[in-house]
Amino acid sequence: MKYDDGKAYDQSTQGPYYDLWFEMIEHYLNIYLPEKGQLLDAGGGTGEFSIRAASLRKNLSCVNLDISQSMLDHAEQKFKEAELLPRVGNMLGDIQKLPYQKDSFDYVMCLGDAISFCSDVELAFSELVRVTKPGGNIHLSVNSFWGNYHAMYSQSSKPQGISFDDVRKYMTTRVLHINGQSTGCRSFTLEELNTWAKHYKLIIRKRFAAPVFPPPAEWLKDESISAEIRDLQYRHCENESIMEFGNHLNIIYEKGR
Ligand SMILES: C[S@@+](CC[C@H](N)C(=O)[O-])C[C@H]1O[C@@H](n2cnc3c(N)ncnc32)[C@H](O)[C@@H]1O
């Protein structure tokens with residue numbers, strides 16, 4: 001997938017499904033973000049989560065780093081409109097080779113699958129750990145391997161052009177395929193995310209799926225049930241027995257002191 005048009009990307013993430021997803025991430029950011037310090041939004045794209053984080057914490061400075069200049073250009077315009085410049089700024093760069101010294105940031109977030117588009121996800125994760133201060137947090141959100149797999153089997157996957165051949169390719173590559181084409185987006189199991197904690201001696205502070213029950217848009221638009229759906233999400237999104245059938249797996253690690 002190409003991220004070469006920031007405005008088009010933001011248009012593609014409009015609607016009740018994305019509202020719910022963003023709202024759930026913001027809910028957890030509000031719990032885990034430090035009151036002050038330095039935040040890195042790695043693969044932050046058009047800056048949606050940088051804006052939300054900086055609005056939640058007025059004493060936090062934030063760098064929105066991305067490999068796509070177009071995404072950053074659009075982010076810059078949004079930061080200006082939100083009057084967040086220069087507390088929130090942009091940096092052109094690659095997650096796999098972060099232009100920062102070790103132990104630079106209090107909170108490092110890499111949301112909306114940004115790590116999943118890196119050709120070397122292990123290297124990318126090691127970079128996120130390297131630049132996090134001891135005691136700081138690393139917050140990842142990635143596509144759930146089993147969530148995608150489950151969705152590929154559903155009736156609604158057929159109109160999207162998903163064939164059993166796509167299912168086979170997905171199983172061997174972990175990269176979502178639609179109509180024979182790779183989306184370039186790798187997905188992860190909870191087990192893999194847990195393995196990183198062991199490897200880097202990180203403490204797992206929280207795991208949740210957002211959303212854990214990916215709802216049809218019509219349900220979310222229906223005011224009589226949308227509050228109930230939200231309540232269900234928050235009550236069950238941390239339940240490990242169903243989390244992997246959700247959409248985005250989120251994990252918040254703490255780097256050892
Ligand atoms: C799905 S978008 C998510 C953007 C943002 N994190 C969000 O959730 O709204 C993925 C982003 O990752 C960026 N990206 C992909 N590979 C990258 C890399 N190696 N280094 C930095 N950014 C990268 C893309 O340019 C894109 O902006």
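A nonpolar core is a set of buried Ala, Val, Leu, Ile, Met, Phe, Trp, Tyr and Cys residues joined through C-beta atoms within 7 Å. Buried here means that 20 or more other C-beta atoms lie within 10 Å of a residue's own; exposed means 12 or fewer, partly exposed is in between, and the C-beta atoms are placed from the backbone. What you're looking at is a predicted model, where local features need pLDDT of at least 70, side-chain atom pairs count only at pLDDT 80 or more, and totals for chains, interfaces and linings use all residues. Residue numbers start from 1 along each chain as its sequence is written.

**The core**

The largest nonpolar core has 56 residues, and the members that touch the most others are Ala-42, Val-108, Cys-110 and Ile-115. In soluble globular proteins, nonpolar side chains tend to be buried together. Take Ala-42: leaving out residues up to four places away in sequence, the residues it touches include Leu-65, Ile-95, Val-108 and Leu-128. (Contact means C-beta atoms, placed from the backbone, within 7 Å.)

**The sheet and its helices**

Now for the strands. Helices (H or I, at least four residues) and strands (E, at least two) are DSSP runs, numbered from the N terminus, and two strands pair if DSSP finds at least two bridges between them. Seven strands make an open sheet with mixed pairing, in the order β3-β2-β1-β4-β5-β9-β8. β3 (88-92) and β8 (202-210) are the edge strands with a single partner each, so one side of each has no neighbour in the sheet. On average, neighbouring strands are turned by 15° against each other, direction ignored.

Helix α2 (residues 16-32) packs on this sheet, touching β5, β8 and β9 (248-255), and its direction makes about 155° with that of β8. Helix α3 (residues 48-56) lies across β1 (36-42), β2 (59-66), β3 and β4, at about 175° to β2. For these angles, axes are lines fitted to C-alpha atoms, for helices over the stretch in contact, and the values run from 0 to 180 degrees between N-to-C directions.

How much of β2 is covered? Six of its eight residues are buried.

| Strands | Sense | Bridges |
|---|---|---|
| β1 and β2 | parallel | seven |
| β4 (residues 105-110) and β5 (residues 132-143) | parallel | five |
| β6 and β7 (residues 181-186) | antiparallel | three |

Two peptide bonds are cis. One joins Leu-85 and Pro-86, with omega about 0°, and Pro-86 sits in the loop between α4 (69-81) and β3. The other joins Ala-210 and Pro-211, with omega about -10°, and Pro-211 lies in the loop between β8 and α9 (217-221).

Glu-83 isn't a glycine, yet has a positive phi of about 55°. Is Glu-83 buried or exposed? Glu-83 is exposed, because 8 other C-beta atoms lie within 10 Å. Asn-179 also has a positive phi, near 55°, in the hairpin of β6 and β7, which has two residues between the strands. Asn-179 is exposed too, with 10 other C-beta atoms within 10 Å.

**Around the ligand**

Finally, 19 residues surround the ligand, the closest being Tyr-3, Gly-43, Gly-45, Gly-112 and Ala-114. (A residue is near a molecule or strand if its C-beta atom, placed from the backbone, lies within 6 Å of it.)

Note on methods
Two residues are in contact if their C-beta atoms, placed from the backbone, lie within 7 Å.
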